[in-house]
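Student: I am new to this structure and would like a close look at a single part of it. Could you begin with one loop and follow its surroundings from there?

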There are 2 protein chains.
Amino acid sequence: MTDDVARPGVHIRAIGSFFAGGRIATLSGQPKRQIQVARHGPQREVDLNGDYVTGQSYVQFVHHVAPRFDAPVMFWHGGAMTGAMWEATPDGRPGWQSYFLNAGFDTYVCDAMERGRASWSPYPDIYATAPIHRTLNEAWSMFRIGEADGYATDPAQRKPFPGSLFPLDGFDDLGAQFVPRWTEHGHETLDAYYEALRRTGPVWLIAHSQGGNLALEAAARHPEFFRGVVAVEPASAPPDPGDANRVPHLIVWCDNIDKAPAWVAYRQSVDAYADKLVALGGNVHLLDLPALGIHGNSHVPMMDANSDVVAGEVLAWVESVVATKAAG
Amino acid sequence: MTDDVARPGVHIRAIGSFFAGGRIATLSGQPKRQIQVARHGPQREVDLNGDYVTGQSYVQFVHHVAPRFDAPVMFWHGGAMTGAMWEATPDGRPGWQSYFLNAGFDTYVCDAMERGRASWSPYPDIYATAPIHRTLNEAWSMFRIGEADGYATDPAQRKPFPGSLFPLDGFDDLGAQFVPRWTEHGHETLDAYYEALRRTGPVWLIAHSQGGNLALEAAARHPEFFRGVVAVEPASAPPDPGDANRVPHLIVWCDNIDKAPAWVAYRQSVDAYADKLVALGGNVHLLDLPALGIHGNSHVPMMDANSDVVAGEVLAWVESVVATKAAG
């Protein structure tokens, strides 16, 4: 396993997690049942009536003994994913969490409301609707590994884009981390993240896809929570930049967007938003990888073969913002 | 936040995660829909037909630069819970993951199939049935914080057992980490854990409640995976000890079992199993906390006010097994 954070290691003071936000919801009218809950055990009564905690986010922290930066990095995952996406690449290399830990940041890796360890609530009783699930087929085209008709169940038959940097042997491991999601929970998801941010204090936020979409909105509503926002391939932008001009933004785009109509539409939304932000005097930097001559990145550059190169570009931007602020 | 792993810190070489086990399941016959998936974004087609990875476990690792022990500690959570239960207590103290990291073990914290970051699959299409959910009400009595009628939605009205060591202010934070579960997946859950163990090599397994039940079965079927098994309040035992006499066992029991009929039944099952194991020449140690004069522990001693004291008892047992083996 090539899992080194760093050759010299990282000296940590604390590792742990907490839950933030959410509320109590009460369920009634469910029939009581006798169920064998424990394998090989006797039946016991199961009663789904009562109080549930719903709407919370989950936040995992690693704190250095001596961080090099005075604000931590927080990570928000994309749609149908969890914080696991930042921990390792699907082919077992260190993820961006390790990269930024190694660079000297304290880190916070989040699971949004209803995803991963943040849990989800009974539907249609507490949540109104059923979730949607992501197939490997959809991920193949939406994550721009290849054309939609390039996916096959048999790995040997899959046809990626020429020059794709996604680690193809890990594609099914990418699929192992997909979680169901509800499409109408954006507002509550943000509320739970805001509660997490009230607890952590200001952060450098690195957010992917749906998380990038939420990050743009969060910076517009609550600029006080952010030293800067890195939106990696954000899936659309909010209509109103609000006070986002107070927050430095880095927006990262990868290869083959023109081959995926959904991404053409999402990027149009974000480009228009960035224009508004610039018109308001905002500090918006575009990291358009193909325009820089970096080709072959998928929608998940933190998993691609050059994941450390892209992380290095993000780190360089953070350091430039820190330097500009220090000089100002 | 009192989140110190340790005053001097821990020097880590690697932090990350992987998925283990599972298989591809294919769904067909679902209607395609146009949905606004991205907040503020345009609609796109969502097609639930296709391939899913199902049945996998999730494993998070922290590796020391220089571990003090030659085998790591692996943690299996209980029913309706995830690996988060080992990361912190509900009142924000360091969890048993930190305790054993600090003692010098590499750690693996797992989420079982269908729980937390291991994700879950569409039902009734891939999973046959709906899950069950855990209420705060049920947790109050099943986790032996107090009698069933001592629970109230209003924290001020709750009546715990006299002398309870559970951090009552954190009870709703405990509820925040409950996840839905299916009751018929024990076999597949174990298969995914076995795949994780094939990757990690032999471990000291610390397992709670339902996880303890699975741990006893795993030690009986695959003794080669374990240096020792610590079952904290296991919810029943398998019928057949198999080759478990090759694995040292520590079984931990807490207070007020006589006040919870489900736990009286579960413990009877485990006591009978332990007797069988001893008759086969097995090495079974009972850590009966009230019998040792340690009163007030709930079903989740890793969260109680004396969590480090109980962890210390577990560590002392591990060290005694290591010492005996070295002497032999």
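Tutor: Pro124(A) is placed in the loop between S8 and H2 of chain A. Helices (H or I, at least four residues) and strands (E, at least two) are DSSP runs, numbered from the N terminus. The peptide bond that leads from Tyr123(A) to Pro124(A) is cis, and its omega is near 5 degrees. In chain B, a cis peptide bond joins Tyr123(B) and Pro124(B), with omega about 5 degrees, and Pro124(B) sits in the loop between strand S8 (107–111) and helix H2 (136–142) of chain B.

This is a predicted model, in which local features need pLDDT of at least 70 and side-chain atom pairs count only at pLDDT 80 or more, while totals for chains, interfaces and linings use all residues. Residues are numbered from 1 along each chain as its sequence is written, chains are lettered from A and ligands numbered from 1 in the order in which they are written, and side-chain values use heavy atoms, with hydrogens and water left out.

Ser119(A) also belongs to this part of chain A, lying in the loop between strand S8 (107–111) and helix H2 (136–142). With a relative accessibility of 4%, Ser119(A) counts as buried; buried means under 20% relative accessible area, exposed over 50%, and partly exposed in between (1.4 Å probe, protein chains only). Apart from neighbours within four places in sequence, Ser119(A) is in contact with Gln56(A), Met113(A), Glu114(A) and Tyr127(A), and with Ala176(B), Phe178(B), Val179(B) and Pro180(B). Contact here means heavy atoms within 4.5 Å. A polar atom of the Ser119(A) side chain lies 2.6 Å from the backbone oxygen of Phe178(B). Ser119(A) and Thr54(A) are 65 residues apart in sequence, yet their C-alpha atoms are 8.1 Å apart in space.

The size of an interface is often given as the accessible area lost when the parts come together. The area buried between chain B and chain A is about 7600 Å², and carbon and sulfur atoms give 55% of it; buried area is the accessible area (1.4 Å probe) that two parts lose on being put together, summed over both. On the side of chain B, the residues that lose the most area to chain A are Arg39(B), Arg117(B) and Trp120(B), together 11% of what that side buries.

Eight salt bridges are found between chain B and chain A, a salt bridge being a side-chain nitrogen of Lys or Arg within 4 Å of a carboxyl oxygen of Asp or Glu. One of them joins Glu138(B) to Arg44(A), with the closest N and O atoms 3.2 Å apart. Between chain B and chain A, 38 residue pairs are in polar contact (both at pLDDT 80 or more). A polar contact is a pair of N or O atoms within 3.5 Å; within protein, one must be able to donate a hydrogen and the other to accept it, and residues adjacent in sequence count only if both atoms are side-chain atoms.

Two strands pair if DSSP finds at least two bridges between them. Within this pairing, Val10(A) stands opposite Ile12(B). S1(A) pairs with strand S6 (residues 57–64) of chain A as well, in the antiparallel sense over eight bridges, and Ile15(A) faces Val62(A) there. Because nine of the eleven residues of S1(A) (residues 10–20) are buried, the strand is largely enclosed by the rest of the structure.

His64(A) is found in strand S6 of chain A. It counts as buried at 8% relative accessibility. Its contacts, beyond neighbours within four places in sequence, include Val10(A), His11(A), Ile12(A) and Arg13(A). A polar atom of the His64(A) side chain lies 2.8 Å from the backbone oxygen of Leu101(A).
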